[in-house]
Amino acid sequence: MNIYTRTGDEGQTSVIGGRVRKDDVQVEAYGTIDELNSFVGQAAAMTMEDHLSDLREDLIQIQQELFDCGSDLAFVQLSEDRYKVDGTMAERLERWIDRYESENPALERFILPGGSALAASLHVCRTVCRRAERRVVTLAAEQEINPAVRQYLNRLSDYFFVVARTANVRAGVADVEYVRSARVFRRNEE
């Protein structure tokens, strides 16, 4: 099998049920999810130490689910019976977020993306995930989509924020607060 087909040389690509321009909003949405998946793979490659095995397992599962998200967005015609993404995936991310957040110190101010190399990589995942979500919102304004994909991406960016902080905790590296940040995050004690 040849990896090249030459069918895209004129600026079109195949989606499930037809062909569209390569700069179509649909291709932009699932293409940004594909980009995110590459960054998640890069972050997963940084988790080979035993104390990060839980995170590695999560990231590999997320990569599988990002393929599902892209697949659900690749239909020309809405096909609910073929969707792979559902609301339980976002609910599971919430449980993961709560578990990792329990390891993190209280957050009062905005933090800079970075710290350890793994945390910096996870912050890149967070920002690319937010861009993917924006692309999906744009797509949803033009055509019906599986709404569970948008919900999943929204929760996933929160997950990346929390696990970036956890990666710093496990590496013994403090988050760096934004120096001009007011105290914006408050616990329920006030």
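I looked up Arg131 to begin: with a relative accessible area of 22%, Arg131 is partly exposed. My cut-offs: buried is under 20% relative accessible area, exposed is over 50%, and partly exposed lies in between, with a 1.4 Å probe and protein chains only. The model is predicted, so I note its limits: local features need pLDDT of at least 70, side-chain atom pairs count only at pLDDT 80 or more, and totals for chains, interfaces and linings use all residues. Residues are numbered from 1 along each chain as its sequence is written, and side-chain values use heavy atoms, with hydrogens and water left out.

**Salt bridges**

I searched for salt bridges, meaning a side-chain nitrogen of Lys or Arg within 4 Å of a carboxyl oxygen of Asp or Glu. The count is 12 by this rule.

I opened the pair Glu35 and Arg131. Their side chains form a salt bridge at 3.1 Å, N to O. Glu35 sits in helix α1 (residues 25-44) and Arg131 in helix α4 (residues 117-142), so I logged them as distant parts of the chain, 96 residues apart. Helices here are DSSP runs of H or I with at least four residues, strands are runs of E with at least two, and both are numbered from the N terminus. Glu35 is partly exposed, at 30% relative accessible area.

Next came Asp58 and Arg99. The closest N and O atoms of this salt bridge are 3.4 Å apart. Asp58 is in helix α2 and Arg99 in helix α3 (residues 87-101), so the pair ties together parts 41 residues apart in sequence. Arg99 is partly exposed, with a relative accessible area of 38%.

Then I checked Glu103 with Arg170. This salt bridge has its closest N and O atoms 2.7 Å apart. Glu103 is in the loop between α3 and α4, Arg170 is in helix α5, and 67 residues separate them. Glu103 counts as partly exposed at 32% relative accessibility.

**Around Asp58**

I went back to Asp58. Helix α2 covers residues 53-73 and includes Asp58. Is Asp58 buried or exposed? Asp58 counts as buried, because its relative accessibility is 6%. I listed its contacts, meaning heavy atoms within 4.5 Å. Leaving aside neighbours within four places in sequence, Asp58 is in contact with Trp96, Arg99, Tyr100 and Tyr159.

**Helix α5**

I compared the length of α5 (residues 147-171) with expectation. The expected span is 1.5 Å times one less than the number of residues. For 25 residues that gives 36 Å, and the end C-alpha atoms are 36 Å apart, which agrees.

I looked at both ends. At the start, a side-chain oxygen of Asn146 comes to within 3.0 Å of the backbone nitrogen of Ala148. Just after α5, Gly172 has a positive phi of about 75°.

Val163 lies in α5. Val163 counts as buried at 1% relative accessibility. Not counting residues up to four places away in sequence, Val163 touches Leu55, Tyr100 and Leu122. Val163 and Leu55 are 108 residues apart in sequence, yet 8.0 Å apart in space, C-alpha to C-alpha.

**Surface patch**

I ended with the segment after α5, where Tyr178 lies. Tyr178 counts as partly exposed, at 34% relative accessibility. Phe110, Leu112, Val176, Tyr178, Val184 and Phe185 form a nonpolar surface patch with about 500 Å² of accessible area together. Patch residues have over 30% relative accessible area and no salt bridge; like charges are joined within 9 Å, and nonpolar side chains (Val, Leu, Ile, Met, Phe, Trp, Tyr) within 5 Å. Accessible areas come from the Shrake-Rupley method with a 1.4 Å probe, and for residues only the protein chains shown count as cover.

Terms used: Polar contact = N/O pair within 3.5 Å; in protein donor to acceptor, adjacent residues only side chain to side chain.
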